[in-house]
Amino acid sequence: MAAGPYNYSYIFKYIIIGDMGVGKSCLLHQFTEKKFMADCPHTIGVEFGTRIIEVSGQKIKLQIWDTAGQERFRAVTRSYYRGAAGALMVYDITRRSTYNHLSSWLTDARNLTNPNTVIFLIGNKSDLEAQRDVTYEEAKQFADENGLMFLECSAKTGDNVEDAFLDTAKKIYQNIQDGSLDLNAAESGVQHKPATPRTTLNTDQQPSDKGCAC
Amino acid sequence: MELLLNDVVDPNDLKKFRVMYEDQSSRGVPSEKAQFEYSMCLVRSRPDVDVKHGIALLEDLFKRTRDTETKRDCLYYLALGNTRIKHYEEALKFTKLFLQIEPQNQQVQHIQKYVKNKMRNEGLAGMAIVGGAAIAVGGLIGLGVSLLKK
């Protein structure tokens, strides 16, 4: 699709974090490809995905960094937290240990992102009701106590997956609108792409790093 | 894929893991963990010399480790590192090895697809240069012939 230099006005950077095997890559795949990836292998380091969405009539490109959950990568994956506008923190509702580790993931997220980063808690594998190990109420309370947005999702059925990614974007957009997220600040995780005149001869689809924040 | 390939390691991380690795090396054989972490930083560094150093450390780790997961991760970063410094033939060697073990791995499939595209495009560009030179030479000969006729 050669639809001009930019067919979106903002780029939001997201990260997906959480224990290994909770379904981070499957959530990303479901969101970008609308497909469930069975037998998803362990992610090595980081994987990357994009999708353009629309919030309040604005086209926004989501640039999503999906981090490996294995401990061996923790040292390198931490560097991707910086400059994230949104963080999706995932646990598996059928494995309590993944829920118990949330406080450590949250500490990392809080320490390594900026104060305006929107953190969204996702309880994945909601299709496996019979194997549930963490109640909705318990997780909801944790989310409320820590000021997180929260949904239970299923990367398998696609249930609530769109909402998690979109609600995060809506919240970020709202923060831009009310001025609490300063686009000029370093590492805001948001780049503004001012509407580019279509007359430009530059057909390079790669956006430049320097977005005007006017 | 471009973004993943242009992603550069934080200089502080590079330094931190280098110090850890060198500290261990000075006291004997460094742990696999330290070597792996340092090489992951090196292959994501900007200077080619760093990437090459990372590749050498990964090849060494691949040989000495008995852990299949570590071997798998080394292969991935060997493919990524070689792609970053445009050693495409080498990169393909590692993606092929990886995909023999795990044919469905999308991360490696993405690298392989990217490398093959690059090789094809650069091959075409090479041919265009040769073709352009041929036309230029042809033009000169034509000019020479027309001058001789005069």
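Predicted model: local features only at pLDDT ≥ 70, side-chain atom pairs only at ≥ 80, totals over all residues.
Me: How many Å apart in space are Tyr6(A) and Pro194(A), C-alpha to C-alpha?
Reply: Along the sequence, Tyr6(A) and Pro194(A) are 188 residues apart. In space, the C-alpha to C-alpha separation of Tyr6(A) and Pro194(A) is 8.8 Å.

Me: How many of the ten residues of helix α1 (residues 24–33) of chain A are buried?
Reply: The buried residues of α1(A) are Lys24(A), Ser25(A), Cys26(A), Leu27(A), Leu28(A), His29(A), Gln30(A) and Phe31(A). The helix is therefore largely enclosed by the rest of the structure, the number of buried residues among its ten being eight.

Me: Which residue just after α1(A) takes a positive phi?
Reply: The position in question lies just after α1(A), and its phi is about 55°. The residue that takes this positive phi is Lys34(A).

Me: How many helices does the secondary structure of chain B come to?
Reply: From the N terminus on, the elements of chain B run α-α-α-α-α-α-α. The secondary structure of chain B has zero strands, and its helices come to seven.

Me: What percentage of the 150 residues in chain B is buried?
Reply: Chain B exposes about 8700 Å², of which carbon and sulfur atoms supply 60%. Among the contacts in chain B with a separation of 6 or more, 54% are accounted for by residues 24 or more positions apart. Of the 150 residues in chain B, the buried share is 39%.

Me: How are helix α4 (residues 48–64) of chain B and helix α5 (residues 68–84) of chain B oriented to each other, roughly parallel or roughly antiparallel?
Reply: The axes of α4(B) and α5(B) come within 9 Å and cross at roughly 155°, and α4(B) passes α5(B) in a left-handed crossing. Angles over 145 degrees count as roughly antiparallel. The two helices, α4(B) and α5(B), are therefore roughly antiparallel.

Me: How many nonpolar residues has the contact of α4(B) with α5(B)?
Reply: On the α4(B) side the contact includes Val51(B), Ile55(B), Leu58(B) and Phe62(B), and on the α5(B) side it includes Cys74(B), Leu75(B), Tyr77(B) and Leu78(B). By class, the contact of α4(B) with α5(B) has three charged residues and three polar ones, and its nonpolar residues number nine.

Me: Which residues of helix α3 (residues 32–42) of chain B make the contact with α5(B)?
Reply: The axes of α3(B) and α5(B) come within 11 Å and cross at roughly 20°, and the two helices are therefore roughly parallel to each other. From α5(B) the contact takes Thr70(B), Asp73(B), Cys74(B) and Tyr77(B), and from α3(B) it takes Glu32(B), Phe36(B) and Met40(B).

Me: Is Gln112(B) buried or exposed?
Reply: Gln112(B) has its place in helix α7 (residues 106–149) of chain B. Not counting residues up to four places away in sequence, Gln112(B) touches Leu92(B), Thr95(B), Lys96(B) and Leu99(B). Because its relative accessibility is 14%, Gln112(B) counts as buried.

Conventions: Residues numbered from 1 in each chain as written. Chains lettered and ligands numbered in written order. Heavy atoms only, no water. Axes fitted to C-alpha atoms, helices over the stretch in contact; angles between N-to-C directions. Helix = DSSP H or I, 4+ residues; strand = E, 2+ residues; numbered from the N terminus. Parallel < 35°, antiparallel > 145°, perpendicular 65-115°, else oblique. Left-handed = near helix turned anticlockwise from the far one by under 90°. Contact = heavy atoms within 4.5 Å. Nonpolar A, V, L, I, M, F, W, Y, C, P; charged D, E, K, R; others polar. Buried < 20%, exposed > 50% of the residue type's maximum accessible area, 1.4 Å probe, protein only. Areas by Shrake-Rupley, 256 points an atom, 1.4 Å probe, with all protein chains shown as cover.
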